[in-house]
Amino acid sequence: MKQKILLIICITYSLTLFAQKSNGIYGDSNWMNNWTNFRPATAEYPETNEVLPDIIDKDTKLVSTKTYLLNNRVYVTNNATLTIEPGTVIRGGVGDIDYCGTLIVTQGSKLIAEGTEKAPIVFTSEKAATVRKPGNWGGIIILGNAPVNKIDKDNKHVLTDFNLDTSKATYGGDKPEDNSGSLKYVRIEFGGKKINGSKEINALILAGVGKKTTLSHIQVSYSNGDAYQISGGEVAMNNVISFRNDDDDFDFSEGTQATLNNSIAIRHPFSSGSGNSRCFEIDSYDKPENADMTKKLTNVKASNITFLNIEENNQDLVREAIYLKENTNLSFTNSLVSGFAPFLLLGEKITLSPENFSKIELKNITLNRCKENLVSEEQSFNGKLKYWPDPATMFDITNTFIADLFGSIDLKNNPDFRKKENAILVNNR
């Protein structure tokens, strides 16, 4: 096991009011009210009364007066648009041992799933409240025509890991402005079906999705895999939630150009997988030989983000908040990270040099109750921290109980994870 070299930055301040910096999620009102559910295991949903067909090849609308069963791989094809009314419930299951309920929106087709604050659209388990659990069904896969840096075969990229029809599971192209539709006020619960020991369908997969696709007010809860897997494309997301998911909250790869704003990942040690589960995992490729290095490498711009380990007494079971691999770019600003050890892990191939540090912007970040701050897998550190910018411009390092930090952490009654305006930040000394 490679030795991890700790880059521990100690900053000493006097007591500071939270209102001095706009860190973490924000809003004049609590934007999580009404449409979210932090206790989906106990929610009562209507019984299904219509089964979705395997192929949707013409414009189709799902209505809120029905409850739909997603019990197989359902493909939206032929440039069709699938529209889902506010308040509609789609319940996913497993049709047989090989195929689970998964909605695949193919290239050129669209998904218009626009709920409202009082009538969200819900994708959830077909199981009863007493027995539903992560991995009861697959997830939603959206395939677009925006660029990816993965080397293609026969001029197309194919999702090959999920038992999909490879003639329909293509993604990527030369249209960064591509539009695959809209997801607003949508909940995705208990997805993430395991395919084998190392592969699972993640709750929401965005592959080659373009920037005109609308993605806001989405909550992914209790996935048995990643909450959001973003493979290539140019994606903008805001006001999205990842709650108690097994694997990564956000997994960026294949040259994605991603903007994430005003969003939150809430982890719990008893939900996190025993493997490499992080809030952000960021890479540009699985292997350099599989990437077209003339195309864009992954670039993630994240602002007003909250990363929270909700169980303060089990911090050692939660891994680093961010894992950053070589040849990637990250801007992480105006954010709040609480209860991780460490905050950020640099991959072993990121040599600690001015060139690599210039790809990473960390600014105006509160690190609360994090055991370490910056950690490198590279063994030849030798004091090169001097190349890093002034730590005082990046971090406030604090030790405040989360009940004193947020408006409310009561998951049963409309929690409010905006930072308290009058909360006092207790700084480490």
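Ring pairs tie Tyr228, Phe250, Phe252, Phe280, Phe307, Phe332, Phe343 and Phe395 together into a cluster. Here, rings of Phe, Tyr and Trp (for Trp, its six-membered ring) pair if their centres lie within 6.5 Å, and planes under 30 degrees apart count as stacked, over 60 as edge-to-face and the rest as tilted. Keep in mind that this is a predicted model, where local features need pLDDT of at least 70, side-chain atom pairs count only at pLDDT 80 or more, and totals for chains, interfaces and linings use all residues. Residues are numbered from 1 along each chain as its sequence is written, and side-chain values use heavy atoms, with hydrogens and water left out.

Let's stay with the rings for a bit. How many aromatic pairs does the count come to? By this rule, there are 16 aromatic pairs. Take Phe38 and Phe243: their ring centres are 5.0 Å apart and their planes stand at 85°, so this pair is edge-to-face. The two partners come from distant parts of the chain, 205 residues apart, with Phe38 in the loop between β2 (16-17) and β3 (50-51) and Phe243 in strand β20. (Strands are DSSP runs of E, at least two residues long, and helices are runs of H or I, at least four; they are numbered from the N terminus.) Both Phe38 and Phe243 are buried. Buried means under 20% relative accessible area, exposed means over 50%, and partly exposed is in between, using a 1.4 Å probe and protein chains only.

Phe243 also pairs with Tyr222. Those ring centres are 5.7 Å apart and the planes are at 90°, so this pair is edge-to-face. Again the pair links distant parts of the chain: Tyr222 sits in the loop between β18 (214-221) and β19 (228-231), 21 residues apart from Phe243 in strand β20. Tyr222 is buried, and so is Phe243.

The charged end of Lys168 sits over the ring of Tyr75, 5.5 Å from its centre; the rule asks for NZ of Lys or CZ of Arg within 6 Å of the ring centre and within 35 degrees of the ring normal.

Now look back at two members of the cluster, Phe343 and Phe395. Phe343 has its C-alpha atom 8.7 Å from that of Arg319, although the two are 24 residues apart along the chain. Arg319 lies in the loop between β24 (299-309) and β25 (322-324). Is Arg319 buried, exposed or partly exposed? Its relative accessible area is 27%, so Arg319 is partly exposed. Its side chain makes a polar contact with the side chain of Glu320 at 3.5 Å. A polar contact is a pair of N or O atoms within 3.5 Å; within protein, one must be able to donate a hydrogen and the other to accept it, and residues adjacent in sequence count only if both atoms are side-chain atoms.

Thr333 is in strand β26 and is buried, with a relative accessible area of 13%.

Next, the backbone. Most residues other than glycine have a negative phi, and most peptide bonds are trans. Arg244 has a positive phi near 50°, and it sits in the loop between β20 (234-243) and β21 (250-253). Asn262 has a positive phi of about 50° too, but its place is in strand β22 (residues 257-267). Asn262 counts as buried because its relative accessibility is 4%. As for the peptide bonds, a cis one joins Ala341 and Pro342, with omega about 5°. Pro342 is in the loop between β26 (329-338) and β27 (344-346).
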